[in-house]
Amino acid sequence: TRMVGAVVMAHGDDSGLQLPPRIAPVQVIVVPIFRSDVERTQIASALTGILDALDDIRVKVDWRDERPGFKFNEWELKGVPVRIEIGPRDLASGQVTVVRRLDRAKKPVPLAELQTTIPAMLEHIQEALFKRALEFRKGHTVRLDSLAAMVGFFEESIGFVITPWCGRAEDEQAVKEATTATTRVIDRELPPGSQACAVCGRPATVEVVWGKAY
Ligand SMILES: [Zn+2]
């Protein structure tokens, strides 16, 4: 779960979070759009089939008594990867409108294709966000060789720090207390005796990536 914080951090934008589909508690939010009780009933009945088709996916339907635009914003802020809008016009043409949080791309999807289109779309978003996170990490990682430098970095910057490290749990604790950052991943092993641990000065055995959970 340590990577999760890093991924969420990397994916935030002006409209809030972007949750990778695999960890999103709600993967698809359905917003019914209707003006009358008759329309509401029609949509509710169409939704039964849609929810059946999306059986394997974490779907939630937002029936709250709020305007659609309010709901769109709220679910975007929460980072839900895919939104399905369904209104009378969609129903009349046997489709729904699907919007990805990734880039807000909007497209009509025929009801009969939902079962294949939505899982493929979630997979694509997962990959795109992962690539974006890797690029972010590359662009926001610095190499440092002392705890003082790490404290300075984490006070002023968002990103990751690579340091030589001896592997002792006491060091992890010291770094966590000073910066709240924790180890993310071992970048590579070091030849014995080649470098000193950035935290305690003992001989380092690895290069480790430090980062904060946001
Ligand atoms: Zn050490």
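**Entry 1: a proline in a helix**

I began with Pro 119, which I found in helix 5. I kept in mind that this is a predicted model. Is Pro 119 buried, exposed or partly exposed? Pro 119 is partly exposed, because its relative accessible area is 35%, and the buried class needs under 20% while the exposed class needs over 50%. I then listed its contacts, leaving out residues up to four places away in sequence: Pro 119 touches Ile 57 and Leu 114. I also checked a distance to Ser 194, which is 75 residues from Pro 119 along the chain; their C-alpha atoms are separated by 48 Å.

**Entry 2: the nonpolar cores**

Next I turned to the largest nonpolar core, which has 21 residues. Which of them touch the most other members? I noted Ile 84, Val 98, Leu 114 and Ile 118. Two or more residues each come from strand 1 (28–32), helix 2 (37–53), strand 3 (82–86), strand 4 (95–100) and helix 5 (114–139). Helix 5 gives the most to this core, with 6 residues. As background I jotted down that nonpolar side chains tend to be buried together in soluble globular proteins.

I moved on to helix 7 (residues 169–179), where the buried residues are Asp 171, Val 175 and Thr 179. Why do they sit on the same side of helix 7? They cover an arc of only 40° around the axis, so they share one side of helix 7.

The face turned away from the buried side carries Ala 169 and Glu 177, both exposed. I also asked what covers the buried residues, and the cover includes helix 6 (147–156), strand 7 (160–165) and strand 9 (206–211). Just after helix 7, I saw that Thr 180 takes a positive phi of about 70°.

**Entry 3: a pocket and a cavity**

The largest pocket holds about 250 Å³. Its lining is made of Ile 33, Phe 34, Arg 35, Glu 39, Gly 87, Pro 88, Arg 89, Asp 90, Ser 93 and Gln 95. Helix 4 (residues 88–92) supplies the largest share of that lining, 3 residues. By class, I recorded 3 nonpolar, 3 polar and 4 charged residues around the largest pocket.

How many cavities of 30 Å³ or more are there? The count comes to 1, and the largest cavity has a volume of about 50 Å³. Around the largest cavity I listed Ile 29, Phe 72, Trp 75, Glu 76, Val 80, Pro 81, Arg 83, Val 99, Arg 100 and Arg 101. Helix 3 (68–77) and strand 4 each give at least two residues to this lining, and the largest share, 3 residues, comes from helix 3. The classes here are 6 nonpolar, no polar and 4 charged residues.

How values were computed
Residues numbered from 1 in each chain as written. Predicted model: local features only at pLDDT ≥ 70, side-chain atom pairs only at ≥ 80, totals over all residues. Heavy atoms only, no water. 1 Å grid on protein atoms, 1.4 Å probe; cavity = no way out; pocket = protein on both sides within 12 Å on 5 of 7 lines; lining within 4 Å. Points joined across faces, edges and corners; volume = space filled by probe spheres on them. Helix = DSSP H or I, 4+ residues; strand = E, 2+ residues; numbered from the N terminus. Nonpolar A, V, L, I, M, F, W, Y, C, P; charged D, E, K, R; others polar. Buried < 20%, exposed > 50% of the residue type's maximum accessible area, 1.4 Å probe, protein only. Arc of directions from axis to C-beta. Contact = heavy atoms within 4.5 Å. Core = buried A, V, L, I, M, F, W, Y, C linked by side-chain atoms within 4.5 Å.
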